[in-house]
Amino acid sequence: MGRIPKGNELLEQAKRALNKAKTVDELRQLQAVIFPLEMGISLEQTALLIGRSVRWTSQARTEFIQSGACTVNQKPGTGGRRRQNLTPEAEKDFLEPFLQKAKEGEILVVAEIHRALEQRLGRKIPLSSAYNLLHRHGWRKLAPDKRHVAADVEAQEAWKKNSNS
């Protein structure tokens, strides 16, 4: 004989949530909670009825019992800063002296920031890391235009033709 299923205190809540289930996975999670308690069937039989593996069924049951709500479609994505070199606050503190120089009219040199970042981290990092750091804090690489936006090309050509040089 298998273990007695847990979650009797959440049975009524699971039944109410069953009517509000929006996805198949939510429905299956709720069935994974309700079937063993109502019908007295094993986890293996429940998994067979809902068309999922025993592992998925057990995990879905446990998540519902621990949180008291459907959690199947509420898992956070995998985005974020899993491999960050510095926290956002530490990045801001690190960039502060460089940004202060830029406010005073000096040019922001990425190579200097890159060297300082390597020194702070104590290891080599790619140059792109310095560019990404600046990009996260609203900076971009500026390059001069090939010609002035208000330049009159025809006047310049006329001057070239008529000049004595």
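At what angle do α5 and α7 pack, and how far apart are their axes?

Author: This is a predicted model, and every value below is computed from it. Two packed helices are described by the angle between their axes and the distance between the axes. For α5 and α7, the angle is about 100° and the axes are 11 Å apart. Angles of 65 to 115 degrees count as roughly perpendicular. The two helices, α5 and α7, are therefore roughly perpendicular to each other.

Now look at who touches whom. From α5 come E91, F94 and L95. From α7 come L133, L134 and R136. Sort the residues of this contact by class, and you get 4 nonpolar, 2 charged and no polar.

Stay with F94 for a moment. A pair of aromatic rings is described by the distance of the centres and the angle of the planes. The model has a count of 1 aromatic pair. F94 and F98 form that pair, with 5.7 Å from centre to centre. Their planes stand 55° apart, and the pair is tilted. Both residues lie in α5, which covers residues 88-103. They are 4 residues apart, about one turn of the helix.

Next, turn to the other neighbour of α7. Helix α6 spans residues 110-121 and packs against α7 at about 105°. Here the axes lie 9 Å apart. That angle makes α6 roughly perpendicular to α7. On the α6 side, V110, I113, H114 and L117 make the contact. By class, the contact of α6 with α7 holds 8 nonpolar residues, 1 polar and no charged.

Rolling a probe the size of a water molecule over the atoms shows where empty space is left. The second largest pocket has a volume of about 220 Å³. Helix α7, residues 127-136, gives the most to its lining, with 3 residues. Among the lining residues are Y131, L134 and H135. The lining divides into 8 nonpolar, 1 polar and 3 charged residues.

Notes. Residues are numbered from 1 along each chain as its sequence is written. This is a predicted model: local features need pLDDT of at least 70, side-chain atom pairs count only at pLDDT 80 or more; totals for chains, interfaces and linings use all residues. Side-chain values use heavy atoms; hydrogens and water are left out. On a 1 Å grid over the protein atoms alone, a cavity is a set of points where a 1.4 Å probe fits but cannot get out, and a pocket is an open set with protein on both sides within 12 Å along at least five of seven lines; lining residues have an atom within 4 Å of a point. Grid points are joined across faces, edges and corners, and a volume is the space filled by probe spheres set on the points. Ala, Val, Leu, Ile, Met, Phe, Trp, Tyr, Cys and Pro count as nonpolar, Asp, Glu, Lys and Arg as charged, and the others, Gly among them, as polar. Axes are lines fitted to C-alpha atoms, for helices over the stretch in contact, and angles run from 0 to 180 degrees between N-to-C directions. Angles under 35 degrees count as roughly parallel, over 145 as roughly antiparallel, 65 to 115 as roughly perpendicular and the rest as oblique. Contact means heavy atoms within 4.5 Å. Rings of Phe, Tyr and Trp (its six-membered ring) pair if their centres lie within 6.5 Å; planes under 30 degrees apart count as stacked, over 60 as edge-to-face and the rest as tilted.
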